[in-house]
Amino acid sequence: MVANTTGGVSFDTDDETELILDSLDDFIEREVEPIVEELGDTYTNPRKGRHENGRWTDELLEAREEIRRRSAEGGFYAMNLPEDAGGEGVSPVTWYRAKKHLASHGGGLERYVLAGPEGPKPLLLQAEGEQVERYLEPTVRAEKSTAFAQTEPGYGSDSPNMETTAEKSEARSASERSGTAAEKDGDEWVLNGRKQWITNAPYADFVQLFARTTPQEAAGRYGGITCFIVEREEYELGSYNNAVGAEGMQAEIVLDDVRVPEDRMLGEVDEAFYAAMEFLSLGRLELGAEAVGYAEFLLEEASEYVTDREAFGRTIGNFQQVSSKLAKGRAKTDAADAAGLKLAWKMAQDERTVMDSSVLKWFATNVLWEVADAAVQVHGANGLAEEHPYMDLVHRARILRIVEGTDEIQLNTIAKTMGIVD
């Protein structure tokens with residue numbers, strides 16, 4: 001979606017983006033598919049690719065990491081980041097199209113070709129000094145992975161109401177420090193609290209963790225929150241949150257007097273929540289792109305099936321109850337795609353996108369939910385079979401309606417932007 005000479009917009013894919021999408025297909029065929037084939041049923045059978053607690057096996061995790069590293073070497077992984085941060089500086093429109101294109105492959109390990117929750121996000125661009133070399137650059141190169149630790153038990157979408165705290169404390173002497181305590185003289189922050197449903201927490205080398213540094217009464221609802229870089233050996237990993245469709249990917253983080261030095265503060269003190277809100281649109285753009293791509297994959301699979309499968313003397317696509325499900329799905333998916341391109345274009349113009357991002361996130365994920373259910377239905381019993389991807393995408397569709405803001409949060413944001421509610 002690019003500007004044309006008349007000042008409007010075009011839905012044509014520009015040549016550069018076409019080249020990127022073709023290159024992604026080549027990369028998947030050359031680099032990803034052989035890894036998946038070698039994994040065999042360790043990949044296709046979730047009972048063989050997970051430990052009892054849900055954690056991925058070392059074999060499956062190394063496959064993911066190998067795909068990430070090769071993608072970074074090929075210039076794909078974090079190509080949406082600025083060039084001076086190690087990315088390629090591609091536009092939000094190209095990033096949206098690339099994310100959607102990957103999802104249209106079906107949502108397997110190829111989704112790690114482009115950075116997701118485990119990779120660098122704009123918030124990490126606040127890194128300064130040693131933080132750049134130690135955290136930002138290796139995450140862009142896919143040599144390290146991270147997690148965004150904001151959600152807490154009992155609060156969910158009400159994340160500013162967090163109970164995790166960070167309090168200033170004088171640094172201990174070297175003889176008092178453990179091997180994972182502060183790394184230099186000076187003040188430390190002492191963190192206490194719990195985070196839950198944190199994607200990639202089981203495997204992250206470090207987390208970007210939000211804690212309240214000034215009481216809400218003094219700083220306001222969104223003020224008084226600071227982001228800290230906390231390394232894996234510094235916090236405890238609690239229970240795995242094995243949400244259906246994301247088994248082994250989320251876990252609880254437990255902080256018990258965790259001490260981090262001043263130079264591990266990311267961004268400004270008390271300003272982290274405001275900084276995070278600046279990047280909400282990107283997260284919702286990415287989820288919207290994935291939802292549209294998954295829906296396109298399901299529609300293609302279902303269309304092929306109903307034009308092949310026969311019952312009562314004709315292909316089942318000729319039955320109106322079947323065809324209407326897929327026709328409605330196609331119409332809604334196209335509308336969701338248009339909403340995604342509109343949001344991406346407005347982001348590229350640095351326009352305000354609060355309502356557009358909520359519209360896309362709510363609409364695209366609900367369309368995917370409908371399409372995934374329809375795909376299972378038209379496949380009948382085959383749609384429930386373990387060897388097919390349809391139920392996997394039903395589960396993922398359900399998750400996407402919750403992460404990055406629930407349906408209810410998105411609709412409330414839209415209503416607020418319209419001036420309907422306070």
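Student: Hey, how many salt bridges does the structure hold?

Tutor: There are 27 of them, counting a side-chain nitrogen of Lys or Arg within 4 Å of a carboxyl oxygen of Asp or Glu. This is a predicted model, in which local features need pLDDT of at least 70 and side-chain atom pairs count only at pLDDT 80 or more, while totals for chains, interfaces and linings use all residues. Residues are numbered from 1 along each chain as its sequence is written, and side-chain values use heavy atoms, with hydrogens and water left out.

Student: Which residue forms a salt bridge with Arg-68?

Tutor: Glu-65 does, with the closest N and O atoms 2.5 Å apart. Helices here are DSSP runs of H or I with at least four residues, strands are runs of E with at least two, and both are numbered from the N terminus.

Student: And are Arg-68 and Glu-65 buried or exposed?

Tutor: Both are buried, meaning under 20% relative accessible area; exposed is over 50% and partly exposed lies in between, with a 1.4 Å probe and protein chains only.

Student: What about Lys-195, which residue is its salt-bridge partner?

Tutor: That's Glu-152, and the closest N and O atoms are 2.9 Å apart. This pair links distant parts of the chain, 43 residues apart: Lys-195 is in strand β5 (residues 188-199) and Glu-152 in the loop between β3 and β4 (165-169). Lys-195 is buried at 0% relative accessible area, and Glu-152 counts as buried too, at 5%.

Student: Where does Arg-259 make its salt bridge?

Tutor: Its side chain meets that of Glu-188, at 2.7 Å from N to O. Here strand β9 (residues 250-261), which holds Arg-259, is linked to strand β5, which holds Glu-188, and the two residues are 71 apart in the chain. Arg-259 is buried with a relative accessible area of 16%, and Glu-188 is buried at 0%.

Student: Which residues are linked in a network of salt bridges?

Tutor: Arg-30, Glu-31, Glu-62, Glu-66, Arg-69 and Arg-70.

Student: Switching to strands: how many residues of β6 are buried?

Tutor: Seven of seven, in a strand covering residues 206-212. In a regular strand the side chains alternate between the two faces of the sheet. In β6, Phe-206, Gln-208, Phe-210 and Arg-212 point one way, Val-207, Leu-209 and Ala-211 the other, and all are buried.

Student: Which strand runs parallel to β6?

Tutor: Strand β3 (residues 146-149), joined to β6 by four bridges; two strands pair if DSSP finds at least two bridges between them. Phe-148 has Gln-208 in β6 as its bridge partner. Strand β7 (residues 225-231) pairs with β6 in the antiparallel sense over seven bridges, and there Ile-225 is the partner of Arg-212.

Student: Now the surface. Which residues form the nonpolar patch?

Tutor: Met-355, Val-359, Met-418, Ile-420 and Val-421, with about 420 Å² of accessible area together. Areas come from the Shrake-Rupley method with a 1.4 Å probe, and for residues only the protein chains shown count as cover. Patch residues have over 30% relative accessible area and no salt bridge; like charges are joined within 9 Å, and nonpolar side chains (Val, Leu, Ile, Met, Phe, Trp, Tyr) within 5 Å.

Student: Where is Met-355 found?

Tutor: In helix α10 (residues 354-379), and Met-355 is partly exposed, with a relative accessible area of 31%.
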